[in-house]
Amino acid sequence: MTSDPDLPRRVAAIWRIEGARIVATPARVVGGLDIEAIARMFLVSVPTMQQRIVRAKKALSAARVPFAVPEPAEWPARRRAVLTVVYLIFTERYVASTGDAVLRTELAHEALRLGRVLDRLLPREPEVLGLSALMEFQASRFAARVDANGDPVLLADQDRRRWDRSAIARGRELLERADALGKGRGPYQLQAAITLCHAEAASVETTDWDRIVLLYELLGRITANPVVELNRAGAVSMASGPEEGLAIVDAMDATGLGGSHLLPSVRGELLARLGRIEDARAQLLAAATLTRNKREATLLRRKADALGG
């Protein structure tokens, strides 16, 4: 998809849409995301997401919602839906859920641009600033996230000299502006703060994992998201050892992740660190069958093969 000069107007129109349950409709219309990608990001099945989109369209039609830019007085009430759509667009392009490519940077940069538009519209909304900060931090790794063959490079193996320091500086300034407003940290600010911990560390070993664990605990209290809990398990494993991380993973309800490859992938990593090679290989291979990104599946199979056994 090419850059669309009319996209900010269309995203602004999302403020007319009521309720998080119909966020999927603008994600599909504005972002060009297919139903499968949206379902994976919401951790639900494709039929469930299809039903939500049908209900959303009926709700929009019944309410005669105009596809127009709302008045400024209406913006705060629509802010959450707009931020969700922008981040869904960024996330799908930052970590491609299907196909051969690991990254789809073109629309990720479009989401970054939309974040800057929102910054100008709502300069005193901390979560708007937090979202832009988060996207800047994540985009700073683009050059290091794939190798010369286009295969994914994990965070621990990335050449941090290739990270975009100007993007990190922009993200840090945005997060500082958000904190200076004194309204407390919301989900996007907390995620940005976590990503900043990685951005500031010279290596995985020198990362402030204790702080990351604390930030994930705070994030978990206000989101109750299984992906957040899974990430917390990974951080705990780095701060306190793989046994503690695995205990968190084993206590999780797999149904909450909608059949995602994430749970067996993390479990496989932790089992490998504990020396449980056969169990680790089984989990990594299971994860490879669940992901729809071909290069990610290849990476998981390679990791399983590297364990031997």
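This is a predicted model: local features need pLDDT of at least 70, side-chain atom pairs count only at pLDDT 80 or more; totals for chains, interfaces and linings use all residues.

Residues are numbered from 1 along each chain as its sequence is written, and side-chain values use heavy atoms, leaving out hydrogens and water.

Helices here are DSSP runs of H or I, at least four residues, numbered from the N terminus. Axes are lines fitted to C-alpha atoms over the stretch in contact, and angles run from 0 to 180 degrees between N-to-C directions.

Take helix 8, residues 165-180, and helix 9, residues 187-200: they pack at about 140°, with axes 10 Å apart. The two are therefore oblique to each other; under 35 degrees counts as roughly parallel, over 145 as roughly antiparallel, 65 to 115 as roughly perpendicular, and the rest as oblique. On the helix 8 side, the contact (heavy atoms within 4.5 Å) uses R165, I168, R172, L175, A178 and D179, and on the helix 9 side Q189, A192, A193, L196, A199 and E200. By class, that is seven nonpolar, one polar and four charged residues. Ala, Val, Leu, Ile, Met, Phe, Trp, Tyr, Cys and Pro count as nonpolar, Asp, Glu, Lys and Arg as charged, and the others, Gly among them, as polar.

Now helix 14, residues 277-290, and helix 15, residues 294-306: the angle is about 165° and the axes are 8 Å apart. That makes helix 14 roughly antiparallel to helix 15. From helix 14, R281, L284, L285, A287 and A288 meet A297, L300, R301, K303, A304 and D305 of helix 15. This contact has seven nonpolar, no polar and four charged residues.
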